[in-house]
Amino acid sequence: MRKLVVHGGYKLQGELKVSGAKNSVLPILAATVLNGGLNVIGNIPKLSDVDVMVKILRAVGCEVKRENGTVIVDSSKLNNHRIPEELVREMRSSIVVLGAMLSRCSETIVSYPGGCEIGPRPIDLHLKSLRELGAIIEEKHGFLICKAQKLKGCEIQLDFPSVGATENIMLAATCAEGVTVIRNAAREPEIKDLEDFINKMGGKISGAGSATIKIQGVKNLHEVEHTIIPDRIVAGTYLAAAAITKGEILLKNVVPEHLQSAIYKLKECGCRVLYTNDSIKLVAPSRLHAIESIKTMPYPGFPTDMQSQIMSLMTVSDGISIITENIFENRYKHAYELIRMGANIKIDGRVAIIKGVPKLTGANVTANDLRGGAALILAGLVAEGTTIIENTKHIERGYDNIEEALKSVGAKIQRL
Ligand SMILES: CC(=O)N[C@H]1[C@@H](OP(=O)(O)OP(=O)(O)OC[C@H]2O[C@@H](n3ccc(=O)[nH]c3=O)[C@H](O)[C@@H]2O)O[C@H](CO)[C@@H](O)[C@@H]1O
Ligand SMILES: C=C(OP(=O)(O)O)C(=O)O
């Protein structure tokens, strides 16, 4: 099992370029099966989740070439409708291949998806919506056997603005007969990126980024070239890393607009944050202030994917901070690891109360999920002594070489 060793106490200073967004690249790679042709996609991050999605595409018959940061997918020879179970179980977002495959094939078989353990992650909204579009889905022995002769556009009201369900509907409805309208759709920037990608291949989608998305089904799609948007959560993590070490950082290749809720909280804890259209500069204070209330919400609210990292900051802030995790039921496993490093945190259901301490101390800790792992790196950067983080495979799902990035701005961190 791989480990990261972090020697604390070094201020981060310098410039970092942000990689492409995991949560954009995964549904966009799934969308490459739609056109039955060539897809050239740039700004692809090196992530284990991307490796899994590429394996899924190859398993269904796509030809996939990877050259540096570009992936070229030729989906013209799709010849298998069964998605290998071991791949689907490796990550949650593999479920979006369902909508894309149903658009291309009259039948597809997938298992229930896996992913980080951050609480129950049902797919009822995905299945209900796909059924409303006309898919017949049987659930048997952990598999979903899905059939669709011709999907038909319809009006779909989501009970919750689920990111994955919104994407699955967009993918399935792209070539459906007639118009589909999604109400209470997710508004994340990655949804807009998926809309842009599908439209570039000839789809007719409008409204992404708002709560109502309209998809006019089309008969034919063509080849496409696209560049993935920067990862707002990676950007937020780097800003938090600079903040916790009392450092100063300039991020390039970033969309500040996508990070407004995180920037707002970083300012609330005393950081100076300046930005242009595609860069953000953060200057940390000599002591971070506590934040009275952080509540995770669907975009544009504070992202659940930044909750763990902001918690690390709060452990060494001046005062008491309160976090409420509204999206996932069990996303506080990192808190127990932070406590091993000297943090003062009380968890009560969805609420975490963090009393800032003057210092953390290095310890042996375990990354139980992706962002929890990132939070432990941040804590390690400021802790006295050495922190050893085990089980880093989760971190590799979402960060493209995080240790090299942090090293380049002054962190002392190595992989064992
Ligand atoms: C690959 C990707 O884009 N992952 C992101 C996506 O995950 P994902 O798409 O899985 O997240 P959703 O927006 O679907 O989930 C949000 C909430 O809705 C619930 N739910 C969802 C679907 C469903 O059918 N039924 C249901 O009850 C979930 O259990 C959760 O409580 O959005 C999450 C919330 O911003 C982020 O943390 C993930 O990083
Ligand atoms: C929870 C996350 O991802 P996924 O939905 O892919 O598990 C995340 O990116 O923090």
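# Around ligand 1 and into the cores

Author: By class, the shell around ligand 1 holds eleven nonpolar, six polar and five charged residues, where Ala, Val, Leu, Ile, Met, Phe, Trp, Tyr, Cys and Pro count as nonpolar, Asp, Glu, Lys and Arg as charged, and the others, Gly among them, as polar. This is a predicted model, in which local features need pLDDT of at least 70 and side-chain atom pairs count only at pLDDT 80 or more, while totals for chains, interfaces and linings use all residues. Residues are numbered from 1 along each chain as its sequence is written, and chains are lettered from A and ligands numbered from 1 in the order in which they are written.

Reader: How many residues surround ligand 1, and which are the closest?

Author: There are 22 residues around ligand 1, and the closest are N23, S93, L125, S162 and G164; a residue is near a molecule if its C-beta atom, placed from the backbone, lies within 6 Å of it. The elements giving two or more residues to this shell are α1, α5 (124–132) and α6 (163–173), with helices being DSSP runs (H or I, at least four residues), strands being E runs of at least two, and both numbered from the N terminus.

Reader: What does UniProt say about K22 and N23?

Author: The unreviewed UniProt entry places the feature "binding site" at K22 and N23; UniProt positions are given in the numbering used here, feature names are shortened, and annotations may be inferred rather than shown by experiment. K22 lies in helix α1, which covers residues 22–31, and N23 lies in helix α1 as well.

Reader: Is K22 buried or exposed?

Author: K22 is buried, because 25 other C-beta atoms lie within 10 Å, and the cut-offs are 20 or more for buried, 12 or fewer for exposed and partly exposed in between, with C-beta atoms placed from the backbone. Apart from neighbours within four places in sequence, K22 is in contact with P45, L47, D49, D231 and G398, a contact being two C-beta atoms, placed from the backbone, within 7 Å.

Reader: New topic: which residues touch the most other members of the largest nonpolar core?

Author: Those are L239 and A243, in a core of 69 residues, where a nonpolar core is a set of buried Ala, Val, Leu, Ile, Met, Phe, Trp, Tyr and Cys residues joined through C-beta atoms within 7 Å. Helix α8 (residues 232–244) gives the most to this core, with ten residues.

Reader: And how many helices and strands are there in the protein?

Author: The protein has 14 helices and 23 strands.
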